[in-house]
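This briefing describes a predicted model.

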2 protein chains.
Amino acid sequence: MVKHRAEELAKGQREISVSEFFEKNRHLLGFDNPLRALSTTVKELVDNSLDACEEMKVLPEIKVEIRQLTETRFEINVLDNGPGVVREQIPKVFAKLLYGSKFGRNTQSRGQQGIGVSASVLYGQLTTGKAAKIISKIGKNKSAHYYELKIDINKNEPLILKDQVVDFALDHGTKVEIELEGKYQKGKQSVEEYLKQTAIANPHAEIIYFNPLKEKIVFKRAVDKLPKEPKAIKLHPHGVEIGMFLRMAHESKSRNLQGFFSNEFSRISSNLAKKICDKVKVDCKMEPKLLTHVQADALVKGIRETKIMAPPLDCLSPIGEKAIIEGLKKEIRADFYTAITRRPKVYRGFPFEIEVGLCFGGDLPSDDLIRLIRLANKVPLQYQQGACAITKSVVQTSWRNYGLSQSKGALPAGPVVLLVHIASVWVPFTSEAKEAIAHYPEIIRELKLALQDIGRKLGSYIRKTVKVKEQRERASLFEKYIPEVASSLAVLSGEKKNNIEEQLKKILKKSLKEILQEIPDGDKAEMKNESVKKLKKEKQVTLA
Amino acid sequence: MVKHRAEELAKGQREISVSEFFEKNRHLLGFDNPLRALSTTVKELVDNSLDACEEMKVLPEIKVEIRQLTETRFEINVLDNGPGVVREQIPKVFAKLLYGSKFGRNTQSRGQQGIGVSASVLYGQLTTGKAAKIISKIGKNKSAHYYELKIDINKNEPLILKDQVVDFALDHGTKVEIELEGKYQKGKQSVEEYLKQTAIANPHAEIIYFNPLKEKIVFKRAVDKLPKEPKAIKLHPHGVEIGMFLRMAHESKSRNLQGFFSNEFSRISSNLAKKICDKVKVDCKMEPKLLTHVQADALVKGIRETKIMAPPLDCLSPIGEKAIIEGLKKEIRADFYTAITRRPKVYRGFPFEIEVGLCFGGDLPSDDLIRLIRLANKVPLQYQQGACAITKSVVQTSWRNYGLSQSKGALPAGPVVLLVHIASVWVPFTSEAKEAIAHYPEIIRELKLALQDIGRKLGSYIRKTVKVKEQRERASLFEKYIPEVASSLAVLSGEKKNNIEEQLKKILKKSLKEILQEIPDGDKAEMKNESVKKLKKEKQVTLA
């Protein structure tokens, strides 16, 4: 019998476990080098802690400690005062990829994929062979549980090495310890920088950090109030596609289409559901389970052609213009601060909201490219800047119009820190490492509009201050010539030179005052220059 | 009883199927907009076809057809003459994510993850609700099987809607038909451009393409020989980490450590295995299954401290310098072509090889940024340029040293097409969409060296031709003055003006010839200018 090539090839076909996939593709999870491995792990743990505390409505108190064990080996330890994890769930939450409570929940949160923490456990196990150690306690009169966990790579299931009851100092909270290969370094992509940016975006959190040099760094709580709690929402009908619609209908427990529409989607009343069904001639009393492909196709078309109210806005929790400006002021010395929070928009049925903050001048270097801080659901994005829709939008904005220099295809240059935040119930990241925003056209459009808004504010500030500066220089030049002019006038007019000099100085002072009053105040500008500050005190500037 | 927050949260915890994960994260797979959806689908299908044909050692003949059904709906149809897929495997190969024969095989191939085709089927199903249609036949006397397949999203398992025996025109091959929402457009990120670049990198393939405008485009086969077949290799010991090492040991069927080493790793002889074991005082006759954590740690350290031969090079199949230059010449009109294939290197135990090609001048626009063609295992990367280690390396190379202008943080500008290819048994992509290379330091280092090599060639060409051009301009200026000078000399010397003019012209021609001979020929340069070509014919230039 002839042996066909396809038959030989068939022997190699097999199922790949998701753990095995990520063991080999660890860079997808943010572990492509030892430096990044350290900051990715801290990030995953701290993000989880912040989410947990906010879910319990408790002000976050987070302790991060990194101990260096050998040249390349570190132990990361994160403790929080969150609600804890119930005993039975601990193994799967920490040692199974694609397991969690946040996926598809349609709530703005830092975690969303059910991968992050387990990925850090996987990486630790891969590079050191060691198990992760977890302690969690869910309430005052409950015992604290201690687990040592590894991942069974072939099955993507937790391996429990130890399971004990232990003492724990807090009433509730979680402590995670992971040993891994890493590299510690200060600078732009360091753990310090991640925590600093996290503190800017989360002024309600207190974070205490011990670095491998045993230095203690405290990021103090600046606001004693939790941010507005984001509400979970249902899928907006304008984001649905026929494949998902059919699946939702066939899995639905509603008895008829009308109920299905109002139960599963936001902004569709029973009335509106009937209208849509009538329009495309599908019986609104039919069982959703029985929906055919043709009917579903018609209904999705019907939905797209119907004007439906935008999704409710309480599902989003932006940082806010005032908080952005305060955050920037706390960390960066500049002359001018401004911020914009735009109204929420929708992509694929998911609401999202863009915020931009900017500061200019002061101690910032004039010759370098601007510094870009990217945030998604209040989490700093430190890697993959080039891959990010935020970067693309900044590069494609014409900053020359707003007074900055800019080369083709590059970030603008100038003394500017630009902060861009996207808040969404579902942030589309370009990879599981969650470091860059995917290039959805709706998001890029909205980013560009926000950048143009802030660009205009910057441009108007630069134009006006540059004008003032030029006029001031002209005035000072004039001042230099006063004695000369006064001598000549004295000779010509017979008046005393001193008198003429005094008069000329008076005139100059008067026009200088006028020049100084031309400083912009309509756009939340704050000037560092003391004399200007005094002048402006009378017309108190309100910050958003 | 007090209800703890953790207990409420526990109710939401659940397992997420990998299909569900990608249904929501479709942009990870390359489906973030309708334009890209179309080219991603064609890419996944054509890449699979090319791999299949090469596995069967048959010259690929691939037919791609895109039919537009409505404004936003398309049907993509790809037919190949590969080995086909055996009947029982068809459902899983096409309708189950993370299933395939290429994952972890350590062979250079276009597919490597077991995701691509099923992802296209998933996207089609999601946006149109339609099943994918597959016909496959594995040999002359075998029947062709027709399947209609969907994916059961909750289980990540195939749903078989139809399973029939049908007629098929070829002896062996596969035909896949997917209906999806998309957008057709010509240009930089189009299907045409993907196929054109594929033809450059795969001159042994014949690709016939019918676009939605019903235009037929043929990319002719230019080489009648299959590329060198890449051999599968075992993991190189220098790429192993303790977690994976432990797992491999515990799963090993070898009876002792010595056998385990030589069976599972490349470049470790039985002798060398004993040496390593002895050095770290682990008994080389012990059963690998019984290896403890401490022993494994010692062995991995021992491996790292041992000099081990580089992995065998026959596992890689580069395009080759000659083929790159011919590919570029076929598609791009320029004055100067050059290419470099570097020697293979290793990252994390995986061999990889960098190739760079460049063309300069001719019809290429001088004012724009250079055009960068990125390739991985002979597959063009059209998206996520900003995220790619290739782009990063190009941006960080100082092209001003080589005669191009370049702004900080940007690609250089000038009349250049730059082609960069990475071939590897495991290309580390930044996402499942396989559009950008992850930033592994070893890869970036090698990329930069390759770019500097080609940069020097470019620089020397520019310097020399610019010099020639300047001298030629000086000569032509001189020519203009000949009549004037001749008149003056005639007056001074009493010689006839005509004679003097002729003499002067002769001198000029002689020195012009010398100037033209200064054109570089050591570096594979080819000049468009006809006169130059003639001059150079004598010293025949060899390519590579």
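**Sheet of chain A**

- An open sheet is formed by eight strands of chain A, and its pairing is mixed.
- The order of the strands in chain A is β7-β6-β5-β8-β3-β2-β9-β10.
- At the edges of the sheet stand β7 (157–166) and β10 (216–219) of chain A; each has a single partner strand, so one side of each is left without a neighbour in the sheet.
- From one strand to the next, the twist averages 15°.

**Pairing of β5 and β8**

- In chain A, strand β5 (residues 132–137) pairs with strand β8 (residues 173–181) in the antiparallel sense, over five bridges.
- A:Ile134 has A:Val176 in β8(A) as its bridge partner.

**Helices across the sheet**

- Helix α3 (residues 34–56) of chain A lies across β2 (61–68), β3 (73–80) and β8 of chain A.
- The direction of helix α3 of chain A is at about 10° to β3(A).
- Helix α5 (residues 116–128) of chain A lies across β3, β5, β6 (144–152) and β8 of chain A.
- Helix α5 of chain A runs at about 35° to β8(A).
- Strands β3 and β8 of chain A are among those that helix α3 lies across, and helix α5 of chain A also lies across β3 and β8.

How values were computed. Residues numbered from 1 in each chain as written. Chains lettered and ligands numbered in written order. Predicted model: local features only at pLDDT ≥ 70, side-chain atom pairs only at ≥ 80, totals over all residues. Pairing = 2+ DSSP bridges. Helix = DSSP H or I, 4+ residues; strand = E, 2+ residues; numbered from the N terminus. Axes fitted to C-alpha atoms, helices over the stretch in contact; angles between N-to-C directions. Contact = placed C-beta atoms within 7 Å.
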